[in-house]
Amino acid sequence: MTYDNGLTKDQQKEVDIKYEELMQKLKLINPKEYQLMQDHLKLINSKTYNEETVEILNNQLKLL
């Protein structure tokens, strides 16, 4: 799945690097949350949205 967030390729590369750095810190600090986020990303990227996936995404949106 691709997203157009309006960033240039260089900007996106910088964001990706920072994201990976933060995820590695999270993995050390809170491995359970890290794994939960990884599981959610797999669901989102699988393109096999079902009721469970929609419920997870809705719950995450409520946190915002």
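## Ground rules

Residues are counted from 1 along each chain as its sequence is written, and side-chain values rest on heavy atoms, leaving out hydrogens and water. Because the model is predicted, local features need pLDDT of at least 70 and side-chain atom pairs count only at pLDDT 80 or more, while totals for chains, interfaces and linings use all residues.

## Overall fold and confidence

The chain has three helices and zero strands, where helices (H or I, at least four residues) and strands (E, at least two) are DSSP runs numbered from the N terminus. Read along the sequence, that gives the pattern α-α-α. Of the 64 residues, 11% count as buried (under 20% relative accessible area, with exposed over 50% and partly exposed in between; 1.4 Å probe, protein chains only). The chain exposes about 5800 Å², with 57% of that supplied by carbon and sulfur atoms; the areas come from the Shrake-Rupley method with a 1.4 Å probe.

Mean pLDDT (the predictor's confidence in each residue, from 0 to 100) is 83 for the chain, and 80% of the residues reach 70 or more. Confidence is highest in helix H1, at a mean of 96, and lowest in H3 (residues 51–63), at 67.

## How H1 meets H2

Two packed helices are described by the angle between their axes and the distance between the axes. Here the axes of H1 (residues 9–29) and H2 come within 5 Å and cross at roughly 130°; axes are lines fitted to C-alpha atoms over the stretch in contact, with angles from 0 to 180 degrees between N-to-C directions. H1 is therefore oblique to H2 (under 35 degrees is roughly parallel, over 145 roughly antiparallel, 65 to 115 roughly perpendicular, and the rest oblique).

On the H1 side, the contact (heavy atoms within 4.5 Å) includes Tyr19, Met23 and Leu26, and on the H2 side Pro31, Tyr34 and Met37 are among the residues involved.

## Two residues of H2

His40 lies in helix H2 (residues 31–45) and counts as buried because its relative accessibility is 14%. His40 and Leu57 are 17 residues apart in sequence and 8.2 Å apart in space, C-alpha to C-alpha.

Leu43 also lies in H2 and is partly exposed, at 22% relative accessible area. Between Leu43 and Val54 there are 9.5 Å in space, C-alpha to C-alpha, and the two are 11 residues apart in sequence.
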